[in-house]
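Please read the points below alongside the structure.

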Amino acid sequence: MLRHAIAPVRRYTKASHDVVRHSRLNSDAKILLLYVQGLPEAADPRPLSEHAGRLGMKGRAYQKAKQLLAECGYLHEWREQGARGRWVTEQLLANVTLTREEAAGARVGEAVAVAPPGERPPTVGGPGERPVGDSPQKEELEEKNLPHPPPEGDTEEHTPELAEAEGVLLSLRYVHRDLLLGVREARLLAGAAAEWLRRGVSAADLRRALTTGLPTDGIRSAVGFLRHRLLQKLPATQAPAPTPQPERPTTPPRRDFVTCPGPGSEHVFRPRTDETHCLRCRTTAAYEVTLQPLALSLSEQWRTRVQECVSGG
C-alpha cells in the first residue's frame, strides 16, 4: 500500500494514536470524539447528540458510538436534579481514558495528570496504610486469568431465571457507574445470579444486595467484585414448608345393642351415649308430657266455646 500524507499547518486537530488505533471504538465513535475535541474553546456547550446530528449520525449509530465511548472511559455522564426540580445531564468527553474519580476531578476544574498508557498506575492515588496484625478486609477481588465465555453450544440452558438475572446485572450501570458490564460479562455471571432467584430472592433484593456498601475508593474490576459478592453472600436454601395434613374427624366407638324397657313388645336399640330408652319411646314419653296436655287443654277450650255459642243462640 502506498501512502502520501502532508501535515496540515492550520485548522487541524491533534489525535492520539491510542484513539485512532483503538480496537474497541468504531469509526463513528472516533469521528465524534475528534469532532468534539476540535471545537473552539469559545463554542457554546451543547449535548453530544447535537454534535452527532451535525455529522449525520443519528439513531442507533449514535447510541452505539456513545456506548463505546462510555465503556472505554472517554465519556462520563452525571444526572442530577436542579434547583427547580428538573433533571439535567452533564457530559464530559475526554481524549484520554479517565476513571470515574479522575472525571469527577476534571468536572470541577482539578488538573488531571494522565501518564502514558504503558506507565499508568493501575489505581488512582497513593498507597494507603496497611493495618498491622491482619489482612485488609475487602470484598473487591482483582480479576485474574478470566476465562473466555464458553461457546454458544455449551452455555447453560436459557431459563427464565437466567434471563432475569442477566437483566439485573446489566441494569447495575444505572445504579453505579463502576458496575458497568458488557453483554458477555453479564452472561458469564448470570448463572451465579440466577441461583439467588431460584432460592427465593426477588430481582429488586438481588440488585440491592449487589449495590449496597460499595467500596469508597472505587471498583477496579466490576466482574471480579460482583462474582465475589454473588458467591460470598449467597443466601441459604429455603426449606419447603410442611404441607398441613387435614384433620380426620374422630368417630365415637360403636356400642352394643341393649333392650329398651319401654312399653310394647320387647325390642332392642343401639345407644349413642347413655340413653336407656329407644328414640320411639323417648318421643312418645315427651309427647305425653308436653304436647298431649296442651292438646287436651285446647280441645276442652274449643268444646266450651262451642257450647257457649249454642246456648247463646
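Where do arginine 198 and glutamate 195 both lie, and how many residues apart? They are both in helix 7, 3 residues apart, about one turn of the helix.

1. This is a predicted model, in which local features need pLDDT of at least 70 and side-chain atom pairs count only at pLDDT 80 or more, while totals for chains, interfaces and linings use all residues. Residues are numbered from 1 along each chain as its sequence is written, and side-chain values use heavy atoms, without hydrogens and water.

2. Helix 7 covers residues 183–198 (helices are DSSP runs of H or I, at least four residues, numbered from the N terminus). A kink of about 45 degrees is centred on alanine 190 (the bend is the angle between axes fitted to the seven residues ending at a residue and the seven starting there).

3. Among the buried residues of helix 7 are Leu189, Ala190 and Trp196 (buried means under 20% relative accessible area, exposed over 50%, partly exposed in between, with a 1.4 Å probe and protein chains only). The buried residues of this helix pack against helix 6, helix 8 and helix 9 (contact means heavy atoms within 4.5 Å).

4. Arginine 187 forms a salt bridge with glutamate 166, with the closest N and O atoms 3.7 Å apart (a side-chain nitrogen of Lys or Arg within 4 Å of a carboxyl oxygen of Asp or Glu). Arginine 187 is in helix 7 and glutamate 166 in helix 6, so the pair ties together parts 21 residues apart in sequence. Glutamate 166 is buried, at 10% relative accessibility, whereas arginine 187 is partly exposed, at 40%.

Technical notes. Helices (H or I, at least four residues) and strands (E, at least two) are DSSP runs, numbered from the N terminus. The expected span of a helix is 1.5 Å times one less than its number of residues.
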